[in-house]
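Here are my notes for a colleague who is meeting this structure for the first time. Please read them with the sequence and the model side by side.

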Amino acid sequence: MSRRVGNNLDEMETDISRVASSRRHSENLPYVHKVGVPPKPNLLKEITDTVKETFFHDDPLRHFKDQSKTKKLVLGIQAVFPILDWGRSYNLSKFKGDLIGGLTIASLCIPQDIGYARLANLDPQYGLYSSFVPPLVYAFMGSSRDIAIGPVAVVSLLLGSMLQQELDPVKQKLEYQRLAFTATFFAGITQFVLGFFRLGFLIDFLSHASIVGFMAGAAITISLQQLKGLLGIKIFTKETDIVSVMRSVFAAAHHGWNWQTIVIGVSFLAFLLVAKFIGRKNKRYFWVPAIAPLISVILSTLFVFIFHAEKDGVQIVRHIDRGINPPSVKEIYFSGEYLAKGFKIGVIAGLIALTEAAAIGRTFAALKDYQIDGNKEMVALGTMNIVGSMTSCYVATGSFSRSAVNYMAGCQTAVSNIIMSCIVLLTLELITPLFKYTPNAILASIIISAVIGLIDINAMTLLYKIDKFDFVACMGAFLGVVFHSVEIGLLIAVAISFAKILLQVTRPRIAVLGKVPRTTVYRNIQQYPEATKVPGILIVRVDSAIYFSNSNYMRDRTLRWLTDEEEQIKETNQQKIQYLIVEMSPVTDIDTSGIHALEDLFKSLQKRNVELVLANPGQMVLDKLHASGFPDMIGEDKIFLTVADAVMTCAPKMEP
């Protein structure tokens, strides 16, 4: 009896010593965190969260929470008309800045509008109409403080080139104007719908690189088109590509050029370029390039009037209709064969106008450190073009050159657009007869000097240095516009942008990781050459979500890495690969095809006697993996929080 008790005491002491020893041993080892099993996802909540992040990521209704019905009504009206919000704090100091800004951009926009209307193959007054009504509407509904609204060169050229493919602007003048108003109406509808349904993210599919190339190509094309007015050529091609334009220019060299027109155009073009250079070199003289076009128009008009240069072949404006915008609701095609054509042209022009306005608004909002709501901007731009189409306007948007002048002039709010609109109104009512003797050459000079800034050589150089594919996209859009047409250039820009997205989605980067010396950090061995591979373990990282479009590539590329690694091991007699660790922290999402690819990868590895291990899968990925039963297939103990934990656990288990 006593011997049995003594033996039991000895066994208890031995067990206690073993526990103490194991505790001391475990205290010396780093703790391996287990990846928690997420709760079963709620389908309705998952769908709701996805929709919210897609369309309402900025939580636009947060201001309405816990407010009375009256307050909600007021906030709703202010959301539609922001002027009712910031207008309450408007003061004389802000008005001074807006007055200077409005007067400055008015002096710039009046001559530009006349020229841009010609670019769209419309009478000069339609350019002025488009700088009267749309800016007023935008001032009440827009949220940008700096953007200046009106016709712009690129949209005018795009609209003109697409419209004249359907109708002759001279022989079918009335129908052409009606189709222009129809296109403007549908451009506004497109912009409004995108903003109202919060689909603004769609315009982000047009990459920055393709926009740079498209704008540069459009600037070259616009400048070439102005050779007709600059050289005084009467018979000129309707094509926009560089080959057709230069052939037309040289064909008229012997008898179609007018030397008086060339003298006027070239001399004032030089004056405008010098004025731009002065404004660029010294920001205090921003008003010099802003007022230079109006000075050029006044001086050249006086010159033609005094010397009657029109009798020597100098082409002049001759007539601009006097008075404010006539209604044009009845002129819009709501039925018939031109409805579809107007819709197609309007959608394209609306999207390009929207892209330009969004880029301008974001640029100046960042400079002044304030926020603009992109969707509200789209609603405002859409509304102003819908109203504009009913008041004899064509597509208007934000102008970068005028917005830059507006910003440098010290504008404070959208009131600068109202002031500019009032000046244009006075011009329409009182001053338009004075433009009768304005030479076309000066309008061509103004347009060339305005669009030359769209050619951003520095941006192209930077694209080449940073991303060669972006540079190819840029050049594709540029060459498409210059050598074929604006529409083809735009199509190439969109196609290359989508091609880049597809390439990045279908061919994600998969990197082999190694351990950075004296750390527990594992990084790409190409980026960190000093990082060392762990013997017997291959660690790869998938740098993308795993979808049906790239799941097979992910599986095949991972197996190819494994094959390459095994071939190197045979040559160097190193330890055989026994574990494949997939670092999944960059994998933001996975679908059923992705899970099937992981299952296939697991089966392929089993045949090679290699175990599959996952490290740091995100919550959404882990939800779907557990829903599919994948952790049961590979084992719950094969999912780790970090690569370091996975290596620390797997390394001791490897066979020599």
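How many helices and strands does the chain have?

1. The chain has 27 helices and eight strands, where helices (H or I, at least four residues) and strands (E, at least two) are DSSP runs numbered from the N terminus. Its radius of gyration, taken over C-alpha atoms, is 34 Å, well over the 26 Å that the globule rule gives for 656 residues, so the chain is more spread out than a compact globule; that rule is 2.2 Å times the number of residues to the power 0.38.

2. This is a predicted model, in which local features need pLDDT of at least 70 and side-chain atom pairs count only at pLDDT 80 or more, while totals for chains, interfaces and linings use all residues. Residues are numbered from 1 along each chain as its sequence is written, and side-chain values use heavy atoms, with hydrogens and water left out.

3. Along its principal axes the C-alpha trace spans about 135 × 65 × 55 Å. Of the 656 residues, 49% count as buried, a term that means under 20% relative accessible area (1.4 Å probe, protein chains only).

4. Strand β5 (residues 537-542) is largely enclosed by the rest of the structure, because six of its six residues are buried. Ile537, Ile539 and Arg541 point one way from β5, whereas Leu538, Val540 and Val542 point the other way. In a regular strand the side chains alternate between the two faces of the sheet.

5. Strand β3 (residues 510-515) runs antiparallel to β5 and is joined to it by three bridges, with Ile510 partnered by Val542; pairing requires at least two DSSP bridges between two strands. Strand β6 (residues 579-583) pairs with β5 in the parallel sense over five bridges, and there Tyr579 is the bridge partner of Ile537.

Definitions and conventions. Buried means under 20% relative accessible area, exposed over 50%, partly exposed in between (1.4 Å probe, protein chains only).
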